[in-house]
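Hi,

Here is the structure I said I would pass on. Have a look at it first, and then read my notes below.

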Amino acid sequence: PQIAAQADRQLKIDKEVARGRTRAEIREVRDEDRIAELAAMLGGGDEKLARQQARKLLEDAGGNRAVAEGAS
């Protein structure tokens, strides 16, 4: 999460297998979705704390400052 927070953009890759075929979807995560992704990377049992830490990482990185300072 510390490295991901430094990036200008963050991508998420989802993969699914159906009927013997593998399909991958790549999408950019922004705003609250990015907070959620960083929080998931941080792990732990306290989701609220993980989200606060994710916001702090983004704030310290200087990116997505509006998201980092936004609603919880």
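Where in the chain is the place of R30? R30 sits in the loop between β2 (21-29) and α2 (31-42). Helices (H or I, at least four residues) and strands (E, at least two) are DSSP runs here, numbered from the N terminus.

Before going further, a word on where this comes from. This is a predicted model, in which local features need pLDDT of at least 70 and side-chain atom pairs count only at pLDDT 80 or more, while totals for chains, interfaces and linings use all residues. Residues are numbered from 1 along each chain as its sequence is written, and side-chain values use heavy atoms, with hydrogens and water left out.

**The whole chain**

The secondary structure comes to 4 helices and 2 strands, and along the sequence they follow the pattern α-β-β-α-α-α. Of the 72 residues in the chain, 22% are buried. I use "buried" for under 20% relative accessible area, "exposed" for over 50% and "partly exposed" for in between (1.4 Å probe, protein chains only). The chain exposes about 5300 Å², and carbon and sulfur atoms supply 46% of that. Areas come from the Shrake-Rupley method with a 1.4 Å probe, and for residues only the protein chains shown count as cover. As for contacts (heavy atoms within 4.5 Å), take those with a separation of 6 or more: residues 24 or more positions apart account for 34% of them.

R30 is 20 residues from Q10 in sequence, yet their C-alpha atoms are 7.4 Å apart in space.

T22 lies in strand β2 and is exposed too, with a relative accessible area of 54%. Leaving aside neighbours within four places in sequence, T22 is in contact with K15, E16 and V17.

I26 is also in β2, and at 57% relative accessibility I26 counts as exposed. Together with L11 and I13, I26 forms a nonpolar patch on the surface, with about 330 Å² of accessible area for the three together. Patches are made of residues with over 30% relative accessible area and no salt bridge; like charges are joined within 9 Å, and nonpolar side chains (Val, Leu, Ile, Met, Phe, Trp, Tyr) within 5 Å.

Which residues of α2 are buried? They are R34, I35, L38 and A39. Seen down the axis of α2, these buried residues fall within an arc of 135°, so they line one face of the helix. The arc is that of the directions from the helix axis to the C-beta atoms. The 12 residues of α2 should span 16 Å at 1.5 Å a residue, and the end C-alpha atoms are 17 Å apart, which agrees. The expected span is 1.5 Å times one less than the number of residues. Just after α2, G43 takes a positive phi of about 70°.

Helix α3 (residues 47-61) has 15 residues and reaches 21 Å from first C-alpha to last, close to the 21 Å expected. Its buried residues are A50, R51, A54, R55, L57 and L58. They cover an arc of only 155° around the axis, which puts them on the same side of α3. The face turned away from that buried side carries the exposed residues K48 and D60.

**Salt bridges**

Side chains of opposite charge can pair when their charged atoms come close. The structure holds 8 salt bridges, each being a side-chain nitrogen of Lys or Arg within 4 Å of a carboxyl oxygen of Asp or Glu.

- E32 pairs with R51, with the closest N and O atoms 3.3 Å apart. E32 lies in helix α2 and R51 in helix α3, so the pair ties together parts that are 19 residues apart in sequence. E32 is partly exposed, at 32% relative accessible area.
- E32 and R51 also belong to a network of salt bridges that links them with E47 and R55.
- K56 and D60 meet at 2.9 Å, N to O. Both lie in α3, 4 residues apart, about one turn of the helix. K56 is partly exposed at 45%, whereas D60 is exposed at 54%.
- K12 and D14 meet at 3.7 Å, N to O. K12 is partly exposed at 23%, and D14 is partly exposed at 31%.

Cheers
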